[in-house]
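Dear colleague,

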Amino acid sequence: MNQNEFVHLIAPFKDKVFRLAKRLLVSTEEAEDATQEVLVKLWNKNEGLSEYNSVEAFAMTMTKNYCLDQLKSKRAGNLKIVHNNFTDREAGLQQKVEDQDSLDWVEKIINQLPEQQRLIIQMRDIEQYEFEEIAKILDMNETAIRVALSRGRKTVREFMSKTHSYGIR
């Protein structure tokens, strides 16, 4: 496989690799390094990539594993999981403030979830992966993915309900 073929192969999903790395590592620089590292590893395996059913799933698995290794390394104390890549349609100032407050609360709640639930919520609700793809990437069965997603969403929903109804009852 030549360089042009490789670039054509990875172009559709390289941004997803970066977003997953950014979600896990927070730091844009760390995410760029992780993305570059994964792409270099893919290039080194370029002759064997045709053996994989989904090179994208393989790349996402490599990204997840690389990022988790980074989080476990000596730099783990400086990194945390954060997501602030939400955009808002034009709304009034009051609505923008309320929306941002809600997003901050959701982010805090997601950060308190177990690692597996955080990853699944990121991949399903933010990256829009199908359950089958998530199952391949995380090496889990689809039922376990659905259960973990449901539990994570329920935790977020319950916490947000308590937050928004505080002092009303």
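The loop between α2 and α3 contains V26. Although V26 is not a glycine, its phi is positive, near 70°. With a relative accessible area of 22%, V26 is partly exposed. Please bear in mind that this is a predicted model. A positive phi also occurs at Q128, again not a glycine, with a value of about 65°. Q128 belongs to the loop between α6 and α7, and its relative accessible area of 57% makes it exposed.

Helix α3 comprises 17 residues and spans 24 Å from its first C-alpha to its last, close to the 24 Å expected at 1.5 Å a residue. Its buried residues are E30, A31, A34, T35, V38, L39 and L42. In an α-helix there are 3.6 residues a turn, so residues three or four places apart point the same way. The buried residues of α3 pack against α1, α2 and α4.

L42 also figures in the largest nonpolar core, which has 43 residues; together with F13, I120, I134, I137, L138 and I145, L42 touches the most other members. Each of the helices α1 (3-10), α2 (14-25), α3 (28-44), α4 (55-72), α5 (93-112), α6 (115-126), α7 and α8 supplies at least two residues of this core. The greatest contribution, ten residues, comes from α4. As for L138, leaving aside its neighbours within four places in sequence, its contacts are K64, L119, I120, M123 and I145.

The packing of α7 on α8 deserves a separate word. The axes of α7 (residues 131-138) and α8 (residues 142-164) come within 9 Å and cross at roughly 100°. The two helices are therefore roughly perpendicular to each other. On the α7 side, F131, E132, I134, A135 and L138 take part, and they meet E142, I145, R146 and L149 of α8. By type, the residues of this contact divide into six nonpolar, no polar and three charged.

Finally, there is W105, which lies in helix α5. Apart from its neighbours within four places in sequence, W105 is in contact with F159, M160 and T163. W105 and T163 are 58 residues apart in sequence, and their C-alpha atoms are 8.6 Å apart in space.

Yours sincerely

Terms used: Residues numbered from 1 in each chain as written. Predicted model: local features only at pLDDT ≥ 70, side-chain atom pairs only at ≥ 80, totals over all residues. Heavy atoms only, no water. Axes fitted to C-alpha atoms, helices over the stretch in contact; angles between N-to-C directions. Helix = DSSP H or I, 4+ residues; strand = E, 2+ residues; numbered from the N terminus. Parallel < 35°, antiparallel > 145°, perpendicular 65-115°, else oblique. Contact = heavy atoms within 4.5 Å. Nonpolar A, V, L, I, M, F, W, Y, C, P; charged D, E, K, R; others polar. Core = buried A, V, L, I, M, F, W, Y, C linked by side-chain atoms within 4.5 Å. Buried < 20%, exposed > 50% of the residue type's maximum accessible area, 1.4 Å probe, protein only. Expected span 1.5 Å × (residues − 1).
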